[in-house]
Amino acid sequence: MTIFAPANLKRLFTILMIAGVIAVMTGTPGSSTAPPTTGIHGSYLERVSWFGLFAVQRWFLFFTLGVIVWLLVSFYRPRARTIRHGFDSVLALPKEITAKRPTRIVLILVALAILLFLPKLVHESFWMYLIVEQIGVWILLALGLNVVVGFAGLLDLGFAAFYAIGAYTTALFTGALPMPALFHHPIPTLWVIPIGILAAMIFGVLLGTPTLRLRGDYLAIVTLGFALIIDDFVEIQNGVTGGGVGSTPVPHPSLNLGFLHIHWGISPTPYYYLCLLFIAVFIAVFSALEHSRIGRAWVAIREDEVAAESVGINPLKFKVMAFAVGAASGGFGGVMSAGLVGIINPSLFTYQISVNVLVLVIFGGMGSIWGVALGAIVIQTATIYLDNYQPWGYQFNDLFMYIGALLIVMMIFRPAGLLPSRRRAREFAEAKGGDDVHTDEVLTGEQP
Amino acid sequence: MGFEHFWLSGFDQIHTAFWTYLAVGLQNGAVYAMIAVGYTLVYGVLGLINFAHGEVFMCGGFAGVFLTRGILGDRTGTGWGSVGLILAGILIGGLVSALVATGVERVAYRPLRRRHAPKLAFLISAIGASFFIQTLAGKEFGYGVNIFPGQVFEPGKVMFTLFGAQIHTIAVVSIIAAVVMLVVADRIVRATRLGRGIRAVSQDAETSSLMGVNIDRTITITFILGGALAGAAGFLYTLQSGMVQNAGTEIGIYAFTAAVLGGIGNLRGAALGGLFIGLFGSFSVPFAFEGNVQWTEIYTFLILVLVLIVRPTGILGEKSGRTA
């Protein structure tokens, strides 16, 4: 019986472990009010521990499902190659569809129509608000981080700092902070947009110049360190930033050109169009940059810094540029968010937010602008759904658990992302080189 | 309050309570040193930071909490009972953390290693692992809730008085435990066959595999060793401060700072760096503006930033390729 071969039993073990992890992940949360002297009662782990094992039927359910999956896998094992091939072609589908020019044009037109008339389709302003705040702003953030991580290959774990700079600059110039507005004269929110973008870019240069000499993992941790410093600092300085409570409401922007009056008020629809406009602008600018001399320099640095330096590219200069360019869109996200939400506080700019933006970039495809936008839409839509409907006992904080898991899964199975940039996919494939193992063979512990 | 006054009052406080600050600093330093060694060891064999190491530490702490609460209930440990409990806690903490570290290696690192994935992929999957463990712990044990272990000995128990400063039992226990374990780890890496394997892989993984070193096994052992140290540190930390689900990020960064300060890849350097960071954190407490403890965090993060920017090879010198 091949079904009881050692390799297959090992696979059963792996599958059961995964089932167990999923069972704990989706299980009821433990009690946060632990009694001070006894063990931690009420936590799911305790109920499924040795003595509670038979009290929780859910555990059996997952165990059974695991065994069923294992049987299915064992059964379909001889046809693995065909299945894998089918799976790969399904995954390649988005790329294939977008490759043909006529279909691409039709798709773009359809997408454009949907985007333009979305406020007509979504009637409740509650959802419209979430679409702008949770998807629109996050697309901006993801586009910005994509320049840093995707184009230049620099892992920035403090990207939320740029977002914070944009938001706090807005609050500062509109006089929404405890500190008086700069020059004691609050200015309209709309005119803060260029100032906010500029402030974020300047901060990007200031942060990048000393840190970007460092190699990959050190850069990640130093940006994290800076982000934590800023976070602490903002919380401490009650007199300047409003501390943990945050700012007073930032006034809604309005535009008055004589012949044209636009007021961004309670309704999210005008914000939607503003956001859309700027997303389009940023996509256009970043695409142009990607294919310019600067973009090619970024690729060169990402792939081999020493070689890039030897052909006359100054790595530091271009890395700092990547930081500044990425910061621009992050900063605008901050301005947008401040205008829309009104009150800003440090909890909007935590380390969690940075990693959350990172997952959008990874999921969509590092270095692929459309991929990143798509990734942001998919993941943020899922987030909105999970947060508002809370299916299967989902709780707000669980999100970060799934984000962590998604990061690992993406790195194992599809490091180039959903809609990979052609060059990035090649880089990951080249790195694969050596022993030609398929990823799922690695996961199930099979020796090549 | 003028700046000068603030500055001088800080020194006054240190002057009056020097030995207290020293004891606290050494105690924290012991914990940081043990975690930092894990960073350094893993850096040696894999050539990158294990971002999930802070969470490994956190898991060890929670294991200790469960154990001591389960055994003690609402009693307070005394005499040999406390000693046994401490040993058991260190053991369990180390065991659980070693398991978690191995799990992280299996899930987040090994598949990528097989594919020779670029470094960026390793970093991202490690961050994913760290996030996952941290949030899972939050789900089970509460977000931001500090959970204290059973009372292994009377809280705030003073062992002896040194120049007027009360030295708490927990400080003595932490320091002794750390010294013993660090010496053992140092001996393992330097003098045993296992250690020779670790050092060989650090120096040149490919060549050492040609010489008959099993790379996968060596890397797993390194994670176990680092994880066990972090878990023991987690238990000792828990005795003093309790454990909270997101402690791993902050303490992890402190320990990482220590590892870089001592020169990453350098085991003794990491221990010394940990000691320094502990002392620095303790002696910077009087210099926190308006008594706000977050300032000491900022100071330590600034040390990290400064060290990385000014001297990323550390004070004792980086020994990439030569762990020990």
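Helices, of at least four residues, and strands, of at least two, are DSSP runs numbered from the N terminus. On that basis, chain A of this predicted model comprises 19 helices and 2 strands.

**Chain A overall**

- Chain A has 448 residues, of which 42% are buried.
- Among the contacts in chain A with a separation of 6 or more, 74% are between residues 24 or more positions apart.

**Helices H15 and H17 of chain A**

- Helix H15 of chain A covers residues 351-364 and helix H17 of chain A covers residues 398-413; their axes come within 10 Å and cross at roughly 40°.
- The crossing in which H15(A) passes H17(A) is left-handed.
- On the H15(A) side, the residues that meet H17(A) are Gln352(A), Val355(A), Asn356(A), Val359(A), Ile362(A) and Phe363(A). Their counterparts in H17(A) are Phe400(A), Ile403(A), Leu406(A), Leu407(A) and Met410(A).
- By class, the residues of this contact between H15(A) and H17(A) are 9 nonpolar and 2 polar, with no charged residue.

**Helices H7 and H9 of chain B**

- In chain B, helix H7 (residues 193-203) packs with helix H9 (residues 215-241) at an angle of about 105°, and the axes are 10 Å apart.
- H7(B) and H9(B) are therefore roughly perpendicular to each other.
- H7(B) contributes Leu194(B), Gly197(B), Ile198(B) and Val201(B) to the contact, while H9(B) contributes Ile215(B), Thr218(B), Ile221(B) and Thr222(B).
- The contact of H7(B) with H9(B) contains 5 nonpolar and 3 polar residues, and no charged residues.

**A hairpin in chain B**

- Strand S1 (residues 158-162) and strand S2 (residues 165-168) of chain B run antiparallel and are joined by 4 bridges.
- Val158(B) has His168(B) in S2(B) as its bridge partner, and Leu162(B) stands opposite Ala165(B) in S2(B).
- The hairpin formed by S1(B) and S2(B) has 2 residues between the strands. Phe163(B), in the turn, has a positive phi of about 50°.

**Gly273 of chain B**

- Gly273(B) is located in helix H11 of chain B, which spans residues 267-283.
- With 32 other C-beta atoms within 10 Å, Gly273(B) is buried, since a residue counts as buried if 20 or more lie within that distance.
- Apart from neighbours within four places in sequence, Gly273(B) is in contact with Ala36(B), Ala258(B), Ala259(B), Leu261(B) and Gly262(B).
- Tyr254(B) is 19 residues from Gly273(B) along the chain, and their C-alpha atoms are separated by 9.9 Å.

**Glu427 of chain A**

- Glu427(A) is placed in helix H18 of chain A, which spans residues 422-432.
- Glu427(A) is buried, having 22 other C-beta atoms within 10 Å.
- Not counting residues up to four places away in sequence, Glu427(A) touches Glu303(A) and, in chain B, Pro118(B).
- Glu427(A) and Val234(A) are 193 residues apart in sequence, and their C-alpha atoms are 40 Å apart in space.

Note on methods: Residues are numbered from 1 along each chain as its sequence is written. Chains are lettered from A and ligands numbered from 1 in the order in which they are written. This is a predicted model: local features need pLDDT of at least 70, side-chain atom pairs count only at pLDDT 80 or more; totals for chains, interfaces and linings use all residues. A residue is buried if 20 or more other C-beta atoms lie within 10 Å of its own, exposed if 12 or fewer, and partly exposed in between; C-beta atoms are placed from the backbone. Two residues are in contact if their C-beta atoms, placed from the backbone, lie within 7 Å. Axes are lines fitted to C-alpha atoms, for helices over the stretch in contact, and angles run from 0 to 180 degrees between N-to-C directions. A crossing is left-handed if the near helix is turned anticlockwise from the far one by less than a right angle, and right-handed if clockwise. Ala, Val, Leu, Ile, Met, Phe, Trp, Tyr, Cys and Pro count as nonpolar, Asp, Glu, Lys and Arg as charged, and the others, Gly among them, as polar. Two strands pair if DSSP finds at least two bridges between them. Angles under 35 degrees count as roughly parallel, over 145 as roughly antiparallel, 65 to 115 as roughly perpendicular and the rest as oblique.
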